[in-house]
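Morning, everyone. Please take a look at the model on the screen, and then I'll walk you through its sheets.

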Amino acid sequence: MAHVAMTSPLAPVVAAVEGLRRRHPALTGSVFPGLVITPTADWTRAMNQQAAAVLVVAGWTRARRVPLLIPGETFVNRAGQLGVRRADVAVLAGDPAAGAPGVIVAADRDELLALVARHTEAPGARLARHVRHLTALLATAAQSPAKNPVGV
């Protein structure tokens with residue numbers, strides 16, 4: 001497994017997913033631990049929309065950064081987990097990473113989500129369905145952590 005340098009704009013997203021994984025492994029099981037990989041014969045170029053949604057929701061809600069998955073740079077292993085060789089990151093203008101290599105700056109949240117939709121290989125409606133589902137789970141958990149197994 002490759003490691004993301006702490007100075008990488010992607011590092012806060014990886015940290016957000018790994019933090020969520022410790023509390024809720026079932027939600028993050030579709031994302032390979034550490035996210036960044038060096039592809040081998042065990043990896044196939046593909047997209048996992050559930051994993052992409054986890055990255056969008058965890059990245060946005062916990063780090064205000066969203067990875068933009070690059071076709072040809074996303075892989076799925078035999079367990080169905082998504083890993084990336086590299087990914088760009090979308091941020092809002094006030095983010096300290098704005099202007100860094102591999103960082104795309106969006107004017108507002110809607111533009112940021114449009115960037116995400118354009119950077120996925122499968123139809124955006126499927127990704128949007130996964131994002132809505134995860135967002136609802138996390139919102140419910142934040143309001144009532146004792147009643148919801150997702151508890152954030």
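First, the ground rules. This is a predicted model, where local features need pLDDT of at least 70, side-chain atom pairs count only at pLDDT 80 or more, and totals for chains, interfaces and linings use all residues. Residues are numbered from 1 along each chain as its sequence is written, and side-chain values use heavy atoms, with hydrogens and water left out.

Now the four-strand sheet. It is open, runs β1-β5-β4-β2, and its pairing is mixed. Strands here are DSSP E runs of at least two residues, helices are H or I runs of at least four, and both are numbered from the N terminus. Two strands pair if DSSP finds at least two bridges between them. Which strands stand at the edges? β1 (31–36) and β2 (43–45) do, each with a single partner strand, so one side of each has no neighbour in the sheet. From one strand to the next, the twist averages 30 degrees (axes are lines fitted to C-alpha atoms, for helices over the stretch in contact; angles run from 0 to 180 degrees between N-to-C directions).

Inside that sheet, β4 (residues 74–77) and β5 (residues 82–84) are antiparallel, with three bridges. T74 has V84 in β5 as its bridge partner. Helix α3 (residues 49–63) lies across β1 and β5, at about 60 degrees to β1. Contact means heavy atoms within 4.5 Å.

Next, the three-strand sheet. It is open and mixed too, ordered β3-β6-β7. β3 (65–69) and β7 (103–106) are the edges; each has a single partner strand, so one side is left without a neighbour. β3 pairs antiparallel with β6 (residues 87–92) over five bridges. There, V66 sits opposite A90 of β6.
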